[in-house]
Amino acid sequence: MYSTCIFCNSSLGRNDTIDVFPVGRRLAFDARKGRLWVVCRSCERWNLSPLEERWEAIEWCEEQYRGTRLRVSTPNVGLARLKSGLEIVRIGQPQRPEFAAWRYGDQFGQRRRRAVLRTGAGLGVLGAGIMGGISSGMMTFMFMGGFSRLSRHLISGSPNTIIARIPGDDGRMVEVPRRELRGVRLVSSPAHHWQLLVPHGRTTIALHGDAAYRASSALLPAMNRFGGSKSEVREAVSQIERDGSPAAFMERAAHVPGVREPVPIALRPASIRLAIEMAVHEDVERRALEGELASLESAWREAEEVAAIADDLLLSRRVSAALDRLRGRSG
């Protein structure tokens with residue numbers, strides 16, 4: 001397999017994921033027609049692979065695509081991103097997209113462990129300072145008050161730390177300090193499905209659409225700075241899967257029947273807070289992937305015309321048999 005793009009001569013890159021086909025960071029395949037391309041990330045042109053190098057790689061791509069939960073698709077093209085960073089473009093009938101719940105257990109667990117270790121180490125230092133002050137007879141009520149404030153900061157974070165910058169009502173960016181997190185609310189919006197209410201001094205800023213997603217991506221990890229236990233993560237995942245999609249869960253989370261004043265997100269159960277962060281993150285990634293599908297489909301149609309001509313000129317009996325086998329698996 002060539003390692004440079006035949007159109008712009010740029011390197012196609014390498015992957016450590018497919019032993020039989022280590023070239024490329026984005027692969028496109030059509031199992032039904034037996035096509036495999038390496039997509040150049042410099043010029044975005046599709047490089048058709050040699051016939052003899054395709055078959056195992058196509059089978060591997062089909063298997064990995066089916067097992068990958070972060071994927072989006074149109075009626076003709078699907079895009080999946082593997083944990084290794086390799087991207088797979090699948091040509092053919094779409095498969096049902098699934099919520100990538102498996103990715104979040106480790107993420108929240110690691111966040112919890114890091115936060116506990118940092119907080120524990122800080123409180124240990126404070127405790128040693130207090131004991132030293134007591135033993136030397138220098139401890140005063142003023143020092144005790146300072147230690148108390150420091151311990152609260154270690155556990156909850158400094159209230160003055162800027163967590164996010166969001167667009168204000170006049171269009172200018174305003175800073176959101178940590179102390180405002182306790183007043184952030186998720187509310188239902190007929191026009192936008194849901195919106196985020198962020199307190200700013202004596203006023204409240206209402207965010208929806210892309211601005212709400214961007215703000216949520218910054219604010220929610222700060223609210224969930226201690227991550228979650230395994231049981232809390234499992235419950236968060238089940239909350240989203242119960243609704244069928246992150247978007248549907250967000251609508252349900254924003255609309256709480258019988259509640260006149262929406263409860264701040266920070267005061268909601270840990271599993272709900274974690275589920276909201278998961279859903280926002282998942283939708284942000286999905287929206288980004290969906291933005292690439294239109295250009296991918298256009299590029300595929302152009303590349304398929306060239307591939308059909310090239311393959312018809314080189315098709316042998318052995319290749320035809322392998323192609324029939326692949327068609328049977330993808331059908």
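User: What is the order of the strands in the open sheet of six strands?

Analyst: The order is β3-β2-β1-β6-β5-β4, and the pairing is mixed. Strands here are DSSP runs of E with at least two residues, helices are runs of H or I with at least four, and both are numbered from the N terminus. Two strands pair if DSSP finds at least two bridges between them.

User: Before we go on, what kind of model is this?

Analyst: This is a predicted model, where local features need pLDDT of at least 70, side-chain atom pairs count only at pLDDT 80 or more, and totals for chains, interfaces and linings use all residues. Residues are numbered from 1 along each chain as its sequence is written, and side-chain values use heavy atoms, with hydrogens and water left out.

User: Why do β3 and β4 count as standing at the edges?

Analyst: Each of β3 and β4 (71-73) has a single partner strand, so one side of each has no neighbour in the sheet. On average, neighbouring strands of this sheet are turned by 25° against each other, direction ignored. Axes for such angles are lines fitted to C-alpha atoms (for helices, over the stretch in contact), and angles run from 0 to 180 degrees between N-to-C directions.

User: How do you know that β2 and β3 pair?

Analyst: Three bridges join β2 to β3, and the two strands run antiparallel. The rule asks for at least two bridges, so they pass. Within this pair, V38 stands opposite N47 in β3.

User: Which strands does helix α1 touch?

Analyst: Helix α1 (residues 55-67) packs on the sheet and touches β1 (26-30), β2, β4, β5 (77-81) and β6 (87-91). Contact means heavy atoms within 4.5 Å. The direction of α1 makes about 100° with that of β6.

User: Why is the W37 and W46 pair called edge-to-face?

Analyst: Rings of Phe, Tyr and Trp (its six-membered ring) pair if their centres lie within 6.5 Å; planes under 30 degrees apart count as stacked, over 60 as edge-to-face and the rest as tilted. The ring centres of W37 and W46 are 5.2 Å apart with planes at 65°, so the pair is edge-to-face. Both residues are buried.

User: How many aromatic pairs does that rule give?

Analyst: The count comes to two. W194 and Y213 also form an edge-to-face pair, at 5.4 Å centre to centre and 80° between the planes. That pair links distant parts of the chain, with W194 in strand β10 and Y213 in helix α4 (residues 209-223), 19 residues apart. Both W194 and Y213 are buried.

User: What makes the buried residues of α6 line one face?

Analyst: In helix α6 (residues 246-254), the buried residues are P246, F249, M250, A253 and A254. Seen down the axis of α6, they fall within an arc of 130°, so they line one face of the helix. The arc is that of the directions from the helix axis to the C-beta atoms.

User: What is the phi of E44, positive or negative?

Analyst: Most residues other than glycine have a negative phi. E44 is not a glycine, yet its phi is positive, about 65°. E44 is found in the loop between β2 (35-39) and β3 (46-48). At a relative accessible area of 35%, E44 is partly exposed.

Definitions and conventions. Buried means under 20% relative accessible area, exposed over 50%, partly exposed in between (1.4 Å probe, protein chains only).
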